[in-house]
Each structure stands twice: as C-alpha cells, then as structure tokens.
Amino acid sequence: MALNTAPLDNPFYYLENFRQALGWIAQRYDDLLDACERRFISEFAELPVSAQGLLVRMVMRKGVLFRASKLNYVEIGDPHGAVLPLLERGWVVASPPLALSELFQLLRRDELDQCFIAHAVKGQERKQALLERLQPLYEAPQSLEQWHPALPDAVFALTIMPLCDRLRLLYFGNLYQEWSEFVLADLGIYRYEKVEFSLESRAINQRADIDVCVQLHACREALDTCTELHALAGQVIAIQCSNPWLQMRRGKLLFRIGQQAERLQDWSLAMTVYRQSSYPGARSRQIRVLERNTEYAAAMALAEQARLAPESDAEVQHLSRVLPRLQRKLGLVAERRRSA
C-alpha cells in the first residue's frame, strides 16, 4: 500500500498514514474485525485532529506509559487538552498506578534523588542499585502524584495497545514491523514496492488466526529471555491452527525451542518439540539429539526412515554424514560416503 510522502509539507503526515492504514484494514479485513476494533476505527475518525495525532504519537512510541512533558508536539499543542477525548473513551488513563520499576523508567536520576531524598547515601550510586535497594521498601504501586508530589508533571497510560497491535498485524502481516515505519517510509529511509493485494491473497483468513499469531509472537519474544523452557514449549505445542502459514511459523518456533534445549543438553525436551515441529530440518535435529543422547539404534531407525523419503537435498547431505557414523557405533559395516 502506498503511503503519503510529504512530511515537511504536512506536520500530520504520520496521522494521514495511520488513517490510510485503518481504511485499508476496514476494507480488506472487515469480516475478521470484532466489535471493539470496528468501534475504534469508527470513533477514531470522529476525534479532533489534535486527539488523533496524540494517540498515534503514543501508539508509535515504545511502551504504554508517557509523561505529559514528553508529549510536546508543535502540531498537537497542549497534550493535557488533546488527551481529553481519549480519556473520555478510556483509550488513555490519567494518573495510573506505577510500580517502583515503572517510576524508575519514567524519571531522570536527579528527579529520583529528589523523590527519595530520605534514602540518600553518600557517594555515587547507580540507578539500578538504587532501585534494588528501594524495592523491598516500596512494593505497592502509586500514582506519580503520590510518588513525587513536588514534580510538576503527569503520566498517561495507553490502554488500547493490544487492539492497535492486532490492527498492526493485519496491516503489516506480522508483529515485527512497527507503526513508526510510517515515519521512516515518509523520510525515504524505507521504500516499499507498490503491490496490489486481492482478498484471496490474505495470509490471515479467520478470526482465530489473529489470536494464534499474537500468541506465537508473544512466545517468540519470551524465548529470548526464557528461564522456564518446558513451560514455554508446552504453550507453543498447545497452540493449534489450520492455517498453513501459521503452522510453518509454529513449527519454526518449536524448532528454535529445540535448539535452545539442545544447548542446555535437555535431550528429552528437544526431542519432544522437534517431533511436534514441521519446520524443515526438524527430523535431522531429532537424529542428532538421539545420537548425542547415545540412543544409536533409535537414531539409526529414524535415519533409515529419512533415507527412504528425504525432505530436501540438505537432509540427503546430512544423512550421508550421519549414517556411516551411526553404523560404526552400532558395530555395523559402515557405508562409504558418496563423493559430491
């Protein structure tokens, strides 16, 4: 889809692009939208321009908590006035309760020192160290006004980010691309080829596909910092779908979980997820795991099965290396590897 490309002429260029995106989604995916999403698209168009612009600015930024002093945009004006229609609809909440860690993300170090002056120590102390020292003392969330009454600022919390994420998924076809790419496209940093899409070419064709895609993305994000790999694997295995595109994404995620399990030498978990994965190479990884776990007979049986119907040239190459090795370990006459 083509985007407007004159940001210097129109300070609301990002808003124009967002409007175009909503219109495109409504036209192309109306049959998949739920009542909340349809209502959002309809009511968004009725907002004052300043409120529309502020909401899009918030949606395009990271996180869901914003200081009013950091929402100063010339084209929008006073954020306290622009936010009022958003507060009325519940799309934004004023003075949300903040955990101590959230407060630390929002405030500068000098503001934190003033806020917790009663806990000051001599010498320099890192922000993270201060947070860890104060956490046992401040477990209950509070509003910014309660945390720091002397600070002349306000905090707003965006409540509709999950809804906007679903719309972003429908527009981009994934959750890796951000709304901020509108800005990069308008500035000429990102350029996209214009392509016409038919309804038949949609990757997502059922409402359930949206939920599956969101679940898979959340699990993929969790994998990077996961400490409970078994629980994460169970979540992904429990995700069922009939969409071939999503089945491939699920299989790829299970494949990555299997690789992580291998790094941890958790052979049982690795085998479990590889067996559930339809991603290319999963069978070869199963053979490797069985061999690493000294289950040579089982590895040999699976390798022989793969040789009868290899899935790819890559698997053929893998089998040419692993079969002779397994035969030697089983005391069999090893086949000679064929020269390439």
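This is a predicted model: local features need pLDDT of at least 70, side-chain atom pairs count only at pLDDT 80 or more; totals for chains, interfaces and linings use all residues.
**Entry 1: α17 against α18**

From α17, I listed Y296, A299, M300, A303, E304, A306 and R307; facing them in α18 are E315, L319, L323, L326, Q327 and K329. Sorted by class, this contact comes out as eight nonpolar, one polar and four charged residues.

Then I looked up the geometry. Helix α17 covers residues 296-308 and helix α18 covers residues 313-329. Their axes lie 10 Å apart, and the angle between the two helices is about 145°. I noted the crossing of α17 and α18 as left-handed.

Next I went to α16, which spans residues 282-292 and holds E291. Is E291 buried or exposed? It is buried, at a relative accessible area of 9%.

**Entry 3**

I moved on to the strands. Which order do the three strands take in their sheet? They run β1-β3-β2 in an open sheet, with antiparallel pairing. The edges are β1 (65-67) and β2 (92-94), each of which pairs on one side only. Averaged over the sheet and ignoring direction, neighbouring strands are turned by 25° against each other.

I also looked at what packs on this sheet. Helix α3 (residues 49-60) does, and it touches β1, β2 and β3. The direction of α3 makes about 75° with that of β3.

For the pairings, I took β3 (residues 155-158) with β2 and found three bridges between these antiparallel strands. V93 stands opposite A157 here. On the other pairing, three bridges join β1 to β3, again antiparallel, and R67 stands opposite V155.

I then followed the side chains of β3. V155 and A157 point one way, F156 and L158 the other way, and all of them are buried.

**Entry 2: α13**

Which residues of α13 are buried? In this helix, residues 229-238, I noted L229, L232, A233 and V236. Seen down the axis of α13, these buried residues fall within an arc of 100°, so they line one face of the helix. I reminded myself that an α-helix has 3.6 residues a turn, so residues three or four places apart point the same way. On the other side of α13, I found H230 and A238 exposed.

I also looked up what the buried residues of α13 pack against: α12 (207-223), α14 (244-263) and α15 (267-276).

**Entry 3: positive phi**

S95 has a phi of about 55°. S95 belongs to the loop between β2 and α6 (100-106), and with a relative accessible area of 33% it is partly exposed.

The other is Q265, with phi near 60°. Where is Q265? I placed it in the loop between α14 and α15. Q265 counts as exposed, at 51% relative accessibility.

**Entry 4: the whole chain**

Last, I took down the totals. I have 18 helices and three strands for the protein chain. The chain has 340 residues, 44% of which count as buried. Among contacts with a separation of 6 or more, 63% come from residues 24 or more positions apart.

Key:
Residues are numbered from 1 along each chain as its sequence is written. Side-chain values use heavy atoms; hydrogens and water are left out. Buried means under 20% relative accessible area, exposed over 50%, partly exposed in between (1.4 Å probe, protein chains only). Helices (H or I, at least four residues) and strands (E, at least two) are DSSP runs, numbered from the N terminus. The arc is that of the directions from the helix axis to the C-beta atoms. Contact means heavy atoms within 4.5 Å. Axes are lines fitted to C-alpha atoms, for helices over the stretch in contact, and angles run from 0 to 180 degrees between N-to-C directions. A crossing is left-handed if the near helix is turned anticlockwise from the far one by less than a right angle, and right-handed if clockwise. Ala, Val, Leu, Ile, Met, Phe, Trp, Tyr, Cys and Pro count as nonpolar, Asp, Glu, Lys and Arg as charged, and the others, Gly among them, as polar. Two strands pair if DSSP finds at least two bridges between them.
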